[in-house]
Amino acid sequence: MENSAEMQRFIEQEQQKAMMSEMIGKLTSVCWDKCITGTPGNKFSSGETTCLTNCAQRFLDMSMIIAKRFEMQ
Amino acid sequence: MWAYSPSPPNPGTDPGFITSSRDAAALHSPPPRRRIVAAGEENPLGREGLGSKKGEADMDSFSSPSMSSSGSSPNPEVLMEQIKAQLAQAYAQEFIETVGNKCFAKCVTKPGSSLSGSESSCISRCVDRYIEATGIVSRALFSNTR
């Protein structure tokens with residue numbers, strides 16, 4: 001039925017979006033704790049910005065390593 | 001009142017869905033619990049903002065005359081809009097909870113009998129910074145995976 005195929009696609013899309021936003025939320029929380037050590041100011045220092053960016057990207061790198069590790073059982 | 005419609009960050013297009021602390025404040029709705037919305041509800045966010053202003057009897061604000069009279073299965077588009085709205089609301093509530101925890105930990109180290117001026121301004125900066133951090137992290141993730 002056309003309706004349920006459309007619904008399937010919609011549900012899959014929304015699941016993807018939800019997984020993505022959960023990951024962003026968790027990552028922001030973790031990286032905030034790692035990188036913003038002092039009291040928040042009126043803007044981020046360049047060090048803090050760099051730290052946040054690095055944190056996110058290194059987390060991705062780590063995820064790949066972990067995924068590969070579990071692939072090669 | 002406000003035309004902003006909260007939704008989870010769209011990977012390709014908007015790195016941070018909340019762009020100002022005023023947006024974040026406008027998303028706040030009392031009792032943080034997940035609600036099941038009755039089908040047939042049109043534009044639940046409407047002009048009144050998220051959730052029910054009364055803060056209770058959630059189903060009342062979501063009932064709709066068209067649903068009770070039709071009796072057939074709900075229109076898929078309407079249902080999809082409702083689901084998207086609920087997801088957005090759940091995301092916003094979780095975001096606000098996280099921000100609250102982080103900023104309380106950073107700014108209110110010794111709770112006094114009221115929030116001092118420095119604590120208040122710290123909190124307001126903290127919320128802005130956290131929103132900015134969410135944007136930075138989103139952009140870092142999605143420019144990396146391209």
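One salt bridge (a side-chain nitrogen of Lys or Arg within 4 Å of a carboxyl oxygen of Asp or Glu) is counted between chain B and chain A. The side chains of B:Lys102 and A:Asp33 meet in a salt bridge, with an N to O distance of 2.8 Å. The model is predicted, with pLDDT of at least 70 needed for local features and 80 or more for side-chain atom pairs, whereas totals for chains, interfaces and linings use all residues. Residues are numbered from 1 along each chain as its sequence is written, chains are lettered from A and ligands numbered from 1 in the order in which they are written, and side-chain values use heavy atoms, leaving out hydrogens and water.

Over all chains, the whole structure holds six salt bridges. Among them is the pair A:Glu14 and A:Lys17, whose side chains meet at 3.3 Å, N to O. These two residues are separated by about one helical turn, because A:Glu14 and A:Lys17 are three residues apart in helix α1 (residues 2–35) of chain A.

Contact (heavy atoms within 4.5 Å) between the chains takes 30 residues from chain A and 32 residues from chain B. The two chains bury about 2900 Å² between them, 74% of it on carbon and sulfur atoms; buried area is the accessible area (1.4 Å probe) that two parts lose on being put together, summed over both. Of the area that chain B buries against chain A, 21% is supplied by B:Lys106, B:Arg129 and B:Leu141, more than by any other three residues.

Helices are DSSP runs (H or I, at least four residues) numbered from the N terminus. Residues of α2(A) including A:Leu52, A:Ala56 and A:Leu60 meet residues of α5(B), among them B:Ile136, B:Val137 and B:Leu141.

Within chain B, the axes of helix α4 (residues 76–107) and α5(B) come within 9 Å and cross at roughly 130°, so α4(B) is also oblique to α5(B). B:Lys102, the salt-bridge partner of A:Asp33, is one of the α4(B) residues that meet α5(B).

Methods: Axes are lines fitted to C-alpha atoms, for helices over the stretch in contact, and angles run from 0 to 180 degrees between N-to-C directions. Angles under 35 degrees count as roughly parallel, over 145 as roughly antiparallel, 65 to 115 as roughly perpendicular and the rest as oblique.
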